[in-house]
Amino acid sequence: MAQWKSTALLQKVRSMIASPDFFTFVFPPQCISCENQLFEKDLLAAAQHEDAISRRLLVAQDWCGQCLDQLRVPLEERCPTCGAIVSVHPSYQGHCRLCYTMKHHFSQAVCINNYAGLMQELVVRMKGRKDECLAMQLGTLLGHEMQRLELIDRIDVMTPVPTHWLKRFRKGFQAPELICESASKIVGIPHVASLLKSVRLTEKQGLLSDLQRLNNVKGAFAFNAFFAEKIQGKTVALVDDVMTSGATANQCAKALKQAGAANVVVAVVARGAKAQ
Ligand SMILES: [Zn+2]
Ligand SMILES: [Zn+2]
């Protein structure tokens, strides 16, 4: 009798531990950004959010409403070419100043937000802590942004901006690859991690002037001939964490187009806002 009782108790404890409620009790959901705990009331507020994508993201309990609302901005407030969140000037034909005066090798760029405020904090944290989970979550947000901007109908394949093998070896963390993989799952478009390769070590772009950035990445990327058939006449989405002057994206887009891609679009988590 005593043995039966202990077996029944054991089974009860086992089923309790296996239940999702127990898991939530021991590891309550947290916002990936502010790391605040998320409660029942947050879930109720999430279900009432006016934007359908935000509603879905909040119900998944990866973000709190406050952080998500800071990151996701209205569609109208961006340059249609480079994706910068700026109020476009009528004298620049509906574009930002930079795109009015500069020619890009890509036709369009999208971002979640400018590289400022909370977005900047998150990108710095992702790189500093080599936070794979945060990279994947930002990739998910980027995938939703690509959907919202109706970019995905025109894309055939996605690929990240490549990292030189020596940097890969030193860092052991590839944010663009993780972001690309995660965004590709959301939009349902295949991704190939090595369409491009970095053939020369470059300086950190963030420390250079615009002209130096341009020279720093000139000829630094090459197309991987093994995938030649995959991109003939296709539209490729190039994915990166941050785009500032656009020099890196331009060189990568140039290499893809020279290899036969019909069009290149750029999808980045954050856009360095120099476009005003
Ligand atoms: Zn938060
Ligand atoms: Zn622009």
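Okay, let's start with helix 13, residues 247–258. With twelve residues at 1.5 Å each, helix 13 should span 16 Å, and its end C-alpha atoms are 16 Å apart, so the two agree. Keep in mind that this is a predicted model.

The buried ones are Ala247, Thr248, Ala249, Asn250, Gln251, Cys252, Ala253, Ala255 and Leu256. After helix 13 comes Gly260, and its phi is positive, near 120 degrees.

Of its 276 residues, 36% are buried. And if you take contacts between residues at least 6 apart in sequence, 72% of them join residues at least 24 apart.

Now for the helix pair. Helix 8, residues 132–148, packs on helix 10, residues 175–187, at about 45 degrees, with the axes 7 Å apart. The crossing is right-handed.

Who makes the contact? On the helix 8 side, the residues include Glu132, Ala135, Met136, Leu138 and Gly139. From helix 10 you get, among them, Ala175, Leu178, Ile179, Cys180 and Glu181. By type, the residues of that contact split into twelve nonpolar, six polar and three charged.

Key: Residues numbered from 1 in each chain as written. Chains lettered and ligands numbered in written order. Predicted model: local features only at pLDDT ≥ 70, side-chain atom pairs only at ≥ 80, totals over all residues. Axes fitted to C-alpha atoms, helices over the stretch in contact; angles between N-to-C directions. Helix = DSSP H or I, 4+ residues; strand = E, 2+ residues; numbered from the N terminus. Left-handed = near helix turned anticlockwise from the far one by under 90°. Contact = placed C-beta atoms within 7 Å. Nonpolar A, V, L, I, M, F, W, Y, C, P; charged D, E, K, R; others polar. Expected span 1.5 Å × (residues − 1). Buried ≥ 20, exposed ≤ 12 C-beta atoms within 10 Å, placed from the backbone.
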